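Trainee: I have a model open and would like to go through it piece by piece. Can we start with the overall numbers and then look at details?

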Amino acid sequence: MARAVTNNRKIINTAAAWAIGLLIFFPILWTILTSFKTEAQAINDPPLFLFFDWTLENYAVVQERSNYGRFLWNSIIIAGGSTLLGVAIAIPAAWSMAFVPSKRTKDILLWMLSTKMLPAVGVLYPIYLLFIKFGLLDSVIGLTIVLMLINLPIIVWMLYTYFREIPGEILEASRMDGASLRSEIIHVLTPMAIPGIASTLLLNFILAWNEAFWTLNLTAAQAAPLTAFIASYSSPEGLFYAKLSAASTMAILPILILGWFSQKQLVRGLTFGAVK
Amino acid sequence: MATQHSRSAARLMMAPAVILLLGWMLVPLTMTLWFSFRRYLPLRGGDQGWVGFDNYVRFVSSSSFWPAVQTTLIIVGGVLVITVVFGILLALLLDQPMWGQGVVRILVIAPFFVMPTVSALVWKNIFMDPVNGLFAHLWKFFGATPVEWLSQASVQSIIMIVSWQWLPFATLILLTAVQSLDGEQLEASEMDGAKPLQRFGYIILPHLARAITIVVLIQTIFLLSIFAEIFVTTGGAFGTKTLSYLIFQRVLESQNIGLGSAGGIYAVILANIVAIFLMRIVGKNLDA
Amino acid sequence: MYLRHALRAATALSLIATGSAFADGHATTLTIATVNNGDMIRMQGLTDDFTEKTGHQVEWVTLEENVLRQRVTTDITTKGGAFDIMTIGMYETPIWGANGWLVPLDDLSAEYNVDDILPAMRAGLSHEGTLYAAPFYGESSMIMYRTDLMEQAGLEMPDAPTWQFIREAAAAMTDRDNEINGICLRGKAGWGEGGAFITVTANSFGARWFDEDWNAQFDQPEWKEALEFYVGMMTESGPPGYATNGFNENLSLFQQGKCGMWIDATVAASFVTNPNDSTVADKVGFALAPNSEGIEKKSNWLWAWALAIPAGTQKADAAKEFIEWATSTGYIELVAENEGWANVPPGARISLYEDPNYKDIPFAQKTLDSILAADPTNPTVKPVPYVGIQFVAIPEFAGIATEVSQEFSAAYAGQQSIDEALEKAQALTNDAMEAAGYR
């Protein structure tokens with residue numbers, strides 16, 4: 001009897017969760033489907049769900065019009081570079097905050113977060129002028145640095161919450177054994193924190209990938225990532241839903257796939273110390 | 001446990017991150033502060049000298065200022081309420097035993113991977129267009145007049161789009177918190193005859209307090225500066241001008257760097273008020 | 001046989017070698033910022049022809065109009081140098097030229113024949129007689145209407161109708177059950193979108209932006225009359241959500257057969273008559289933009305998308321070669337050859353309208369007539385201190401007009417009354433003009 005009840009509940013849970021999950025996912029699914037329609041089918045009334053003439057025409061048009069490969073490559077380099085650089089800088093900082101806390105540790109942490117509150121539009125001119133001065137305009141390096149700085153507070157915080165969960169006794173023990181600070185970090189701490197570091201990398205890769213203000217305003221042709229690619233499809237002339245969908249799919253698919261494959265890592269990474 | 005030696009080592013290790021962020025904050029901030037006291041019109045011969053607090057007075061006395069502050073708070077507040085409430089419900093649901101949990105979780109977190117520009121474009125055109133949008137078709141199918149989303153329910157539409165993007169984030173953090181909930185305690189309370197609502201109010205919600213705080217903190221930081229969603233959908237019309245959008249209009253559309261910079265300083269002040277407010281709460285919860 | 005192959009391979013190799021040497025010595029790579037309109041995208045597709053002729057490579061930065069403006073304005077005002085050629089309009093060119101930010105185009109080659117550019121376009125892209133940007137295409141605005149629906153309604157479109165006739169015809173053509181809207185017009189906020197449209201409409205009701213002392217004129221009856229007329233007509237016969245419709249939204253609606261009339265840019269004529277994209281391609285007629293009864297000014301604007309070279313670029317010579325290529329009669333012929341005469345960039349050159357091949361195009365003559373009827377130096381009934389028809393050629397205008405059009409759009413959507421919108425527009429315009437030191 002009890003089993004039957006649980007099974008019934010399981011069925012209801014499953015149905016509800018799937019319904020909500022599909023509802024949330026629907027806009028993405030619809031975009032992907034639309035990308036395989038012709039422009040006329042894309043606005044057909046009633047809307048066509050699966051029974052239409054599937055075509056790759058839109059992808060061909062988009063590919064012909066813009067060099068997708070280069071945009072994609074820039075996105076990968078910029079998002080990847082800024083994340084790796086950020087994590088490299090953040091690990092020592094997070095380590096010292098977690099294991100040698102002082103009275104001001106929390107203040108510093110919150111101050112770091114508050115630097116993210118400066119509105120990007122407000123400082124566009126100062127940053128643009130600085131970029132010109134240092135010759136960083138439309139360069140991958142410049143953009144990597146900016147995105148690294150933007151995400152650094154989040155990286156530090158995420159790593160800090162991980163490191164804090166590592167029991168201090170293990171470190172003490174390794175210290176007793178005469179391990180130096182460096183080897184303590186490299187050989188003891190880092191292996192234990194690898195899941196945390198991995199999820200930090202993932203989350204910040206996503207954030208950097210999706211950043212759309214600086215990547216658009218500080219680039220021209222050489223360093224432009226996928227956000228700039230999208231900006232050339234937003235309102236072309238005439239019917240454009242299918243082409244827009246194709247371009248959108250091309251822009252989000254790489255990160256969507258990455259996110260799905262590394263879903264478990266990411267989920268673990270998103271705790272921000274929420275569980276304690 | 002910490003010795004003098006490890007303390008100075010710790011400081012040294014923190015230095016790169018702190019110095020970089022200090023530079024990233026101070027250099028543009030100082031330049032913005034400097035510009036905000038200048039009459040700086042790039043299209044009219046550039047920097048034309050000192051004007052005292054003129055820009056500050058003008059920025060606040062503009063009829064768009066208070067509505068913009070209000071819109072900012074409504075959008076941030078609206079998105080926070082929606083994502084936290086639905087996030088909790090979704091987290092509780094996803095925590096239940098079911099078939100295909102992994103797949104559902106993938107479906108739910110997917111919107112988080114979509115860049116804001118793309119999601120704004122897709123929502124605006126493919127869903128919310130009053131003639132060709134999917135919603136319009138749906139409304140017409142049920143014999144209703146299609147809603148003109150972006151003009152008649154503009155702020156609500158933007159809140160909806162942004163909530164869709166951030167719901168996965170809230171859900172995931174809350175889900176990890178729900179999963180760490182002590183099952184025995186819940187069972188015990190169930191034995192004692194506590195109703196589901198009581199269990200939720202007395203056991204689950206307090207347990208989630210810390211996770212909720214973190215969701216609120218992180219999201220507020222990102223939401224205060226949303227831009228692409230407004231730029232793409234309404235262009236600041238129909239009462240959707242937030243403070244950062246107003247600054248954009250002053251700096252880029254009106255080409256008045258001085259005025260825009262003064263606005264930037266106001267935005268920093270507003271952000272810090274919100275931050276102090278938040279940190280009071282978070283500070284408490286982070287210690288717990 | 002074998003030898004031949006080897007010889008051929010060797011020749012190919014040496015060709016590659018000389019080719020790269022050539023590239024090192026003379027050829028440069030130009031970075032060009034442009035808007036994602038159809039004509040520009042077509043130009044991108046034909047870039048190879050330019051590279052073949054000159055050896056220069058081209059990198060395209062194609063952006064949506066609003067993003068493009070934001071991007072090029074930031075770059076030019078800070079002298080960033082990210083672009084070698086920028087696509088700009090008739091509003092920016094004289095202002096930037098006056099600031100010395102653009103390379104004067106006063107030494108174009110004789111075969112380019114600068115005198116062939118339509119005088120109205122040339123004047124609008126010059127400052128004090130010096131050309132600063134070469135028109136890629138030019139446009140005015142005119143009425144595009146469905147001949148079949150007009151006939152059904154039992155009406156006949158005059159060559160130069162009045163607003164009153166248009167409103168009547170729109171009401172007669174409207175058939176809500178079949179989703180046919182009598183008229184589609186821009187209502188979207190933004191100075192270049194709905195702002196431009198309502199400004200020319202107001203002109204044709206006798207209104208103006210400023211009096212001769214730069215006082216805003218939104219408190220005058222002509223503005224109220226124009227807005228009330230527009231809102232009244234759109235409520236009767238316009239599509240749902242017209243307050244968010246811009247050029248592209250209306251183009252889509254018209255192409256789907258959901259509009260009886262559409263008053264917009266003359267370049268749209270080639271899109272609505274293109275059978276590949278338009279379901280109503282063979283049922284479109286054209287007429288001059290309307291005016292209100294008793295007012296002599298018509299509601300047609302003048303605009304050009306033009307190519308300009310930012311001052312300070314190292315590649316000015318190559319950039320000039322590109323501009324000469326892209327805005328030449330040769331380019332027009334190249335497009336005609338590849339895509340047909342209906343798709344050539346219109347409105348820039350006199351010779352195009354004398355070309356017998358182009359004369360058969362149904363919208364050619366009306367486009368030319370509309371362009372010739374527009375007079376930026378004398379845009380309104382009452383005297384004004386400014387130049388420009390759908391814009392006021394002062395640097396502050398873009399910012400002011402965007403805010404004004406946001407107020408208007410809110411009125412179109414019913415969020416505030418027309419009086420409230422006009423009151424706010426009046427206040428914010430005077431405020432901004434005061435800040436800029438005009439009053």
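Trainee: What percentage of the residues in chain B are buried?

Mentor: Of the 288 residues in chain B, 52% are buried. Keep in mind that this is a predicted model.

Trainee: How many helices and strands does chain B have?

Mentor: There are 13 helices and 2 strands in chain B. Its C-alpha trace spans about 75 × 75 × 30 Å along the principal axes.

Trainee: And the contacts in chain B, what share join residues at least 24 apart?

Mentor: Counting contacts in chain B between residues at least 6 apart in sequence, 70% join residues at least 24 apart.

Trainee: Switching to the core. How many residues are in the largest nonpolar core?

Mentor: The largest nonpolar core has 322 residues. Those with the most contacts inside it are Ala90(A), Ala94(A), Val156(A), Leu159(A), Leu174(B) and Met144(C).

Trainee: Which helix gives the largest share of this core?

Mentor: Helix α7 of chain A, residues 140-165, with 17 residues.

Trainee: What is Ala94(A) in contact with, leaving aside neighbours within four places in sequence?

Mentor: Ala94(A) is in contact with Val156(A), Leu159(A), Tyr160(A) and Phe163(A).

Trainee: Next, domains. How is chain A divided?

Mentor: Chain A has domain 1, residues 2-60, and domain 2, residues 68-269. Their centres, taken over C-alpha atoms, are separated by 32 Å.

Trainee: How many residues of each are in contact?

Mentor: On the domain 1 side of chain A there are 11 residues, in contact with 8 residues of domain 2 of chain A.

Trainee: Which helices supply the domain 1 side?

Mentor: In chain A, α1 (2-34), α2 (39-42) and α3 (57-65) each supply at least two residues of the side that touches domain 2. The largest share, 3 residues, comes from α1(A). By type, that side of domain 1 of chain A divides into 4 nonpolar, 5 polar and 2 charged residues.

Trainee: Last topic, Lys315(C). Where does Lys315(C) lie?

Mentor: Lys315(C) sits in the loop of chain C between β10 (302-308) and α13 (316-326).

Trainee: Why does Lys315(C) count as partly exposed?

Mentor: Because Lys315(C) has 17 other C-beta atoms within 10 Å, and partly exposed falls between the cut-offs of 12 or fewer for exposed and 20 or more for buried.

Trainee: Which residues does Lys315(C) touch, not counting those up to four places away in sequence?

Mentor: Lys315(C) touches Thr28(C), Leu30(C) and Asp84(C).

Trainee: And how far apart are Lys315(C) and Asp148(C) in space?

Mentor: Lys315(C) and Asp148(C) are 53 Å apart, C-alpha to C-alpha, and 167 residues apart in sequence.

Technical notes:
Residues numbered from 1 in each chain as written. Chains lettered and ligands numbered in written order. Predicted model: local features only at pLDDT ≥ 70, side-chain atom pairs only at ≥ 80, totals over all residues. Helix = DSSP H or I, 4+ residues; strand = E, 2+ residues; numbered from the N terminus. Contact = placed C-beta atoms within 7 Å. Domains from an automatic or database assignment. Nonpolar A, V, L, I, M, F, W, Y, C, P; charged D, E, K, R; others polar. Core = buried A, V, L, I, M, F, W, Y, C linked by C-beta atoms within 7 Å.
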